[in-house]
Amino acid sequence: MNTDADDGWSLVVPLKPLALAKSRLAAAAGARLRPRLALAFAEDTVGAVLDCARVREAVVVTDDPAAGGVLAALGARIVPDAPAAGLNAALAHGARTVRARRPHARVAALNADLPALRPAELSRVLDAARAFPRAFLADAAEIGTTFLSAAPGVELAPAFGGASRLRHLSSGAVEIRLAGVDSVRRDVDTGEDLAAARELGLGPRTAARWLPAAG
C-alpha cells in the first residue's frame with residue numbers, strides 16, 4: 001500500500017449488508033453459505049487492494065457492522081452508507097468522503113466481489129487509468145463494469161448496475177482495454193462466475209469457505 005501523502009489511489013468499495021448480498025449465489029452455495037461467501041469475496045478484494053503498491057487507501061462503504069469490523073481489521077477505512085439510496089449513491093458518497101480529506105485525490109470505484117483479484121493486475125489497470133479524466137474496465141461478460149476511475153478534480157459519476165458498460169461509455173469515460181487483467185474483470189454473481197474465478201485462483205478467504213463446500 002502506498003503511504004506517500006501526495007500520491008496513490010483511493011479505492012472505494014461498496015458492500016451491501018451481508019443478509020442481502022449475492023442473492024443469485026444461493027442456488028449454488030445455499031442460504032447459509034451465501035452471506036459468508038459475500039464477506040469472503042470482500043475480504044479477498046480489499047486484501048488485494050491493500051497489497052497493491054499503487055493504492056493509498058481502501059474505503060469500504062457499508063452499513064453492515066460485522067463486515068465493517070472484519071474489513072477494518074484488514075486496514076480498510078469504513079464509511080457508513082449515509083445516502084442509503086443504492087449502489088451509485090454509495091459510491092458517490094465514498095468518493096466525496098475521500099475528497100473531503102484529500103481534495104485532489106485520484107479516486108476509483110471497485111466491485112467488492114472480485115475474489116480472484118491480483119494486486120499486480122490491479123496496478124496495471126490503475127496505471128492505464130492515470131492517462132484519462134475518467135476511465136473504466138468492463139466485466140468479463142463485457143456488459144457491466146468492475147472499475148471506474150476519476151482523476152484529481154474530476155467527479156466519479158458512477159453508473160454501475162446492469163448494462164453499465166454502455167452507460168459509462170455514454171458518459172464520456174474511456175474504456176480500458178488491457179490483456180492479462182482477468183482477475184480485475186471477474187466479478188462473481190452466480191455459481192458459474194465462481195467456477196470461473198476458481199480457474200483464475202481464488203483468494204485465501206474465499207478458498208477457505210468455498211472449496212470444502214464445492215468438493
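**Figure 1. The polar contact between Glu43 and Arg209 in a predicted model****.** Here the side chains of Glu43 and Arg209 meet at 3.2 Å. A polar contact is a pair of N or O atoms within 3.5 Å; within protein, one must be able to donate a hydrogen and the other to accept it, and residues adjacent in sequence count only if both atoms are side-chain atoms. Numbering starts from 1 along each chain as its sequence is written, and side-chain values use heavy atoms, without hydrogens or water. In this predicted model, local features need pLDDT of at least 70 and side-chain atom pairs pLDDT 80 or more, while totals for chains, interfaces and linings use all residues.

**Figure 2. The surroundings of Glu43****.** Look here for Val70, Leu71, Leu74, Arg205 and Arg209, which Glu43 contacts once neighbours within four places in sequence are set aside (contact: heavy atoms within 4.5 Å). Pro204 is 161 residues from Glu43 in sequence, yet their C-alpha atoms are 9.1 Å apart.

**Figure 3. Glu43 within helix H2****.** The helix runs over residues 33-50; helices (H or I, at least four residues) and strands (E, at least two) are DSSP runs, numbered from the N terminus. Glu43 counts as buried because its relative accessibility is 9%, where buried means under 20% relative accessible area, exposed over 50% and partly exposed in between (1.4 Å probe, protein chains only).

**Figure 4. The chain around these close-ups.** Nine helices and seven strands make up its secondary structure. Of its 215 residues, 53% are buried. The C-alpha trace spans about 45 × 35 × 30 Å along its principal axes.
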